[in-house]
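Work through the exercises below with the sequence and the model open. Try each task before reading its solution.

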Amino acid sequence: MNKCPKCGTIQYHKEFQKNLKVCSECSHHLRLNAWERIEMTLDEGRFFEYDADMDSVDPLQFPDYMEKLNLQKAKTGLKEAVITGEGTIGGFPVVVAVMSFEFFTGSMGSVVGEKVTRAIETAQQKQYPLIIFSTSGGARMQESILSLMQMAKTSAALAKFHEAGGLYISVFTDPTMGGVSASFAMLGDIIIAEPGARIGFAGRLVIEQTIRQKLPDEFQTAEFNLKHGQIDLVVPRKDMRQTLIKLIDLHTVKGEVTHGG
């Protein structure tokens, strides 16, 4: 049995999974891990993973960092907060990067930035569309400036990808905050979000305390960002795969995929 954290509805596990972890009563989208997202997005879940053996180190000798990393690996079965690779969607070859909030709150350290950058460069080399599913609490403080550097590195790689005519579709999932939202997640040619996904840089309480004003209840939701022109589409999970296929097909001319810029 599964209980919706928003409305409290109890649902049978099989029905909950069949509904892609979306509440049948209130349509609340619960979080997915990276492998669940890959399985429901790519054709028959077929996927060739990049950089599967890439591991984080402790360059700053931050107290207990390696212990926490090992705990995250044991708890989630993942090696890092992002999985990258390639597959097909609707028959179109694509490079994908999928983040998992369950691993260290999806925080971006050196390995996350490197894997995303390599995925971008591979998409450019192969002339494949690029899709990144983001979810993150922000930069990983245990890596300090080395983590913040990943914002510039991923953004520079995307600039080259854009200049080469590549198509980049960015998908926000709940939540996407901090350095990830302020870098590669906001640089898509087309930016999509799942319903209710929280999107922003600083947290709500931090902003309210800084400006000394009460923010609207819907502040930083996908719908709020759509209304204010920050994203292009809000797409329910059940429609995400077909929406991605249509967008790639729309930007395909004689077998070549180009961005909409």
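**Exercise 1: a salt bridge across the sequence**

Asp51 is partly exposed, because its relative accessibility is 24% and that class lies between buried (under 20% relative accessible area) and exposed (over 50%), with a 1.4 Å probe and protein chains only. The model is predicted: local features need pLDDT of at least 70, side-chain atom pairs count only at pLDDT 80 or more, and totals for chains, interfaces and linings use all residues. Residues are numbered from 1 along each chain as its sequence is written, and side-chain values use heavy atoms, without hydrogens and water.

Task: find which side chain meets Asp51 in a salt bridge, and say what the pair ties together.

Solution. 
- Step 1. Apply the criterion: a side-chain nitrogen of Lys or Arg within 4 Å of a carboxyl oxygen of Asp or Glu.
- Step 2. Asp51 sits in the loop between strand E3 (48-50) and helix H3 (65-76), and Arg118 in helix H4 (residues 110-126), so the bridge ties together parts 67 residues apart in sequence. Helices (H or I, at least four residues) and strands (E, at least two) are DSSP runs, numbered from the N terminus.
- Step 3. Check the partner's cover. Arg118 is partly exposed, at 36% relative accessibility.

**Exercise 2: a second pair**

Task: decide whether Glu194 is buried or exposed, and locate its partner Arg237.

Solution. 
- Step 1. The closest N and O atoms of Glu194 and Arg237 are 2.9 Å apart, in a salt bridge.
- Step 2. Glu194 lies in the loop between strand E8 (190-193) and helix H7 (204-211), whereas Arg237 is in helix H9 (residues 237-250), so parts 43 residues apart in sequence are tied together.
- Step 3. Glu194 is buried, with 2% relative accessible area. Arg237 is buried too, at 4%.
- Step 4. Now widen the view. Shared partners link Asp51, Glu114, Arg118 and Lys153 into one salt-bridge network. The structure holds 17 salt bridges.
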